[in-house]
Amino acid sequence: MALLCPVLIGRGDLLALGERRIQEVTAGRGHLLLLAGEAGIGKTRLLTELRTRAVADGFAAHTVAAYPRDTAGGVLMDLAADLTRASGAGASIAERLRAGGDGDADRQRRLLAADLADLVLALPQGTPTLVAIEDLHWADDLTLDVLERVARRLPDVPLLIVGTFRSDELYPRVPARSWRTRLLTQRLAEEVRLPRLAATETAAMAALIAGATLPAALTTAVHTRSDGIPLHVEEFLPLVSAAHAVPDTLADAVLARAADLSPAARDLAGAASVIGRSFDVDLLVAITDEPPAGIDAALRELTDRFFVQPRTAAEFDFRHSLIRDALYADLPPLHRRDLHARAAAAAAAAGFGDAFVSDQHERAGQPADAHRHALAAAATAVSLSAHREAVELLRRAQRTTPAGTPTAARADLLAALGAELAAVDDNAAAATTYAEAVAMRRSLGDDAGAAELIPPLAAARHALGATFDERDRLLQDALALVPSTVDTQDVRARILAGLSAMHMLDRCLDESIAFGRQARALAGDVATRLNADTTLGAALVFGGSMDEGWQLMESMVDGAAGAGLEAEVSRGHRMIGCCSSALVEYDRGLDWLHRGVAYAERIERLNDRHYMAAHIGHVLWCTGDWDGAAHWAGQALADGGGDVGTRITALHVLGYLALGRADWDTARTHLCQAVGLAEPMDELQRLSPGLWGLAEVALHTGHAADALTWVERGWAASDPSWDAAYLFPHLLTGVRAHLALDDLTGARRWLERCEERLRYRSVPGTLPALDHASGLLHLAAGHTGRARADLERAGAGWDARRRFWEGTQALLDLARVAHRSRRPADAATLAAEARRRATATGATALLQSMPHLGTGDAGVQRLGSGGPQRLTTRETEIARLVAGGSTNRQIAETLAISPKTVAAHVEHILTKLGAARRTEIAAWAVMSSRGSADEAGDSHTAAPHANAPRSHTIDQPDS
């Protein structure tokens, strides 16, 4: 990991201001610009960038710095030395400093300052000049006096002075403090303060340092620890996993500053660090036993020295978390423990929250009290949907469990912890924890209680990639543990609901519906019944009963919200959004997914949140917002490491993006990884999209036979459930692959196989694929009128559903139809629109497929306006034999020439016609022999309306 961020983050407005001042100085008007901010905020980095830009604009530039307890005029002496090294121009300043003066000291000081100011103002000598001065908070009186005199005359001089100072070290009685006030109130200087980075800026900076998108939880931790100070971000990023680690460089800096405090202030700061980043004054009094006057004096000193800052009249904050952490780490261990014990007792007496009190007890080495308060605090956190906090509290309760705690109570604690771990997407820990709880309950003979935990255990293992068979065994075994009695109906209902969900995810829709209805019949609690309804709704929409399924799922969300069932509401958003993503219902999907992400974030259901984020990436890829897709999928991949489903979906999107951008190696890497994760699960929705992506990569890179292998695997995955939602992309890729291999019969048979499944389900979003495939086959057979009608219907269908990939390809296919029909203007218009869409999205792969029509409108015009006279007599003869289905060897035997000569002629024909395949030569030959008769003959055979059932019968080409 790099130590420095390669890009200046969050300072665009300040750079723009600096650029304006540079331009004004170029025009002859000077400025004194002060860059203010706390240590590590990035003043030097910004100053360096401004210097670089000034030099690029022709400035002479000089950089000097003030130092603690420097000699009088030390900054000016350094400036003289820098000038002398550059051009010898600093001699006069150095001589004047050395000369000093005799007589009245005050008079001589004023004369010296005036003379030095004149010398500084004379620096430009016709060339705009930048003088950068760092750390002015350490500057001596003489330097500040000279700069003040210079500032009064700067408007008439092409001189830009940029100074930096630490706002957190302008202590009382520091000379620069009153100097700064005078300059600003008299408008002699301009000050800009560098703010701390926002959370999003910290995340961007961390990603640039790491060279990859990082999990949001990690960047949030970095932001919290660093307080958005860039230097601290760079220092903390490698250490963020350590709860209280402070980089040595930063800790040493804090402790060096603390060494200058009075003993009373230093001790009070250490005691406050035990309480936390924020501390209550009354609690501080209780644990120190110091008199109020002494505490007031120490707090005033800590405030003046910028260690703490008041929040309210009774509360203070350490200015940075690192100040608190460094002081805390420096406390002697036994003294620290004693302070924690005092804090725990005082906080409990004062009514502080259980979470704070339990933390103090644990740090004081009092486990029983820590355990009791941790359980109470965890219950509160769960009720507030603070699941991450609940995990930490339950883990504390687990660490501090007293030795004599009953096994049943331990099992309950594990079950509660497992639920919270699953909510925050730590599925590996959730699965382990649930398994331990199941074993404990079974050891007590509580089979029903153990069985009740198996559905969430199966869900956690599913998130980790467990196979269908493994989960089926788990749930069936759980069902066998529970007798069919009135008392156990709810437990059985939850297990049956789990079986229903499992079969729905594998698109075994009939089985899913059967289990779901059994669960609804038994369920006595609202949550189980609503979960079953959600699963039933999803099974219905994938089965083609769209209106009924959507209505059932949406009414379930309303019912769950009314009952206050947050987990069920979150799952409902997830199911509706993700089903819509797969079923080409993109507007519905984006609406529910965005709302679902916001809801899941609010209630900290992070597993749902990350999975929905990955599907937002999928929908955005499908609709042509590829930058948005890259953002959502990349972040989901970084965040959703606890769920294999999230990871697979994100990899699909990233693979599709690389495919669309013609980055074939990256596409294969992502898609092969997705398929590798999905294969053990043997789940259609995980496996099929990756297979299709690999098929497209193979097709676009000229490996049509490999593409057919992939789509056949896609067919095999969809076949058991007669799926349509995941099959329809394979349909088009398979047709194109067969045609690339000059196998029109194979393409026709592939369409017939897929059409049966798509018609059976009749999912509206999949049906444009049938018209599209039919159009491709008609085009290959030379029936351009029929091809145009089918492709126009397909294009309209894709566009209505905002399916970018196939919609843009439909435009290209229509352009080919227009070219074959000798309508060059139409071909040019269609190709231009396809090119516009592909360019706007960044679809390099689609742009690369356009040279077959010509790279521009003129190319399309040229290709569409030629005709048979462009071929020689021999080439025309060979073209007609190709149209008749003859191979190169058969043509060679017919014409008594060598196969090599035939191959050369075929290449020339392809080039002249602007064609890519032999089938296109055949289509041209048919068209040239029939002229425009095909257009007229096909006009009365246009297919019925796109929504009407159709059977696509493709005639063989006339030869």
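**Close-up views of a predicted model**

View 1. Arg-507 lies in the loop that joins α25 (489-505) to α26 (509-522). Keep in mind that this is a predicted model. Most residues other than glycine have a negative phi. Arg-507, which is not a glycine, has a positive phi of about 60°. Is Arg-507 buried or exposed? With a relative accessibility of 4%, Arg-507 counts as buried.

**View 2. Another positive phi, at Ala-662.** Here we visit the loop between α33 and α34 (664-678), where Ala-662 is found. The phi of Ala-662 is positive, near 65°, in a residue other than glycine. Ala-662 counts as buried because its relative accessibility is 16%, and the cut-off for buried is under 20%.

**View 3. Two aromatic rings side by side in the picture, Trp-621 and Tyr-656.** A pair of aromatic rings is described by the distance of the centres and the angle of the planes. For Trp-621 and Tyr-656, these are 4.9 Å and 50°, a tilted pair. Trp-621 belongs to helix α31 (residues 606-622) and Tyr-656 to helix α33 (residues 644-660), so the pair links distant parts of the chain, 35 residues apart. Trp-621 is buried, at 1% relative accessible area, and Tyr-656 is buried too, at 3%.

View 4. Across the whole structure, a search finds 14 aromatic pairs.

**View 5. Charges over rings.** The charged end of Arg-257 sits over the ring of Phe-307, 4.5 Å from the ring centre. Likewise, Arg-574 places its charged end over the ring of Tyr-611, 4.1 Å from the centre.

Conventions: Residues are numbered from 1 along each chain as its sequence is written. This is a predicted model: local features need pLDDT of at least 70, side-chain atom pairs count only at pLDDT 80 or more; totals for chains, interfaces and linings use all residues. Side-chain values use heavy atoms; hydrogens and water are left out. Rings of Phe, Tyr and Trp (its six-membered ring) pair if their centres lie within 6.5 Å; planes under 30 degrees apart count as stacked, over 60 as edge-to-face and the rest as tilted. Helices (H or I, at least four residues) and strands (E, at least two) are DSSP runs, numbered from the N terminus. Buried means under 20% relative accessible area, exposed over 50%, partly exposed in between (1.4 Å probe, protein chains only). A charge sits over a ring if NZ of Lys or CZ of Arg is within 6 Å of the ring centre and within 35 degrees of the ring normal.
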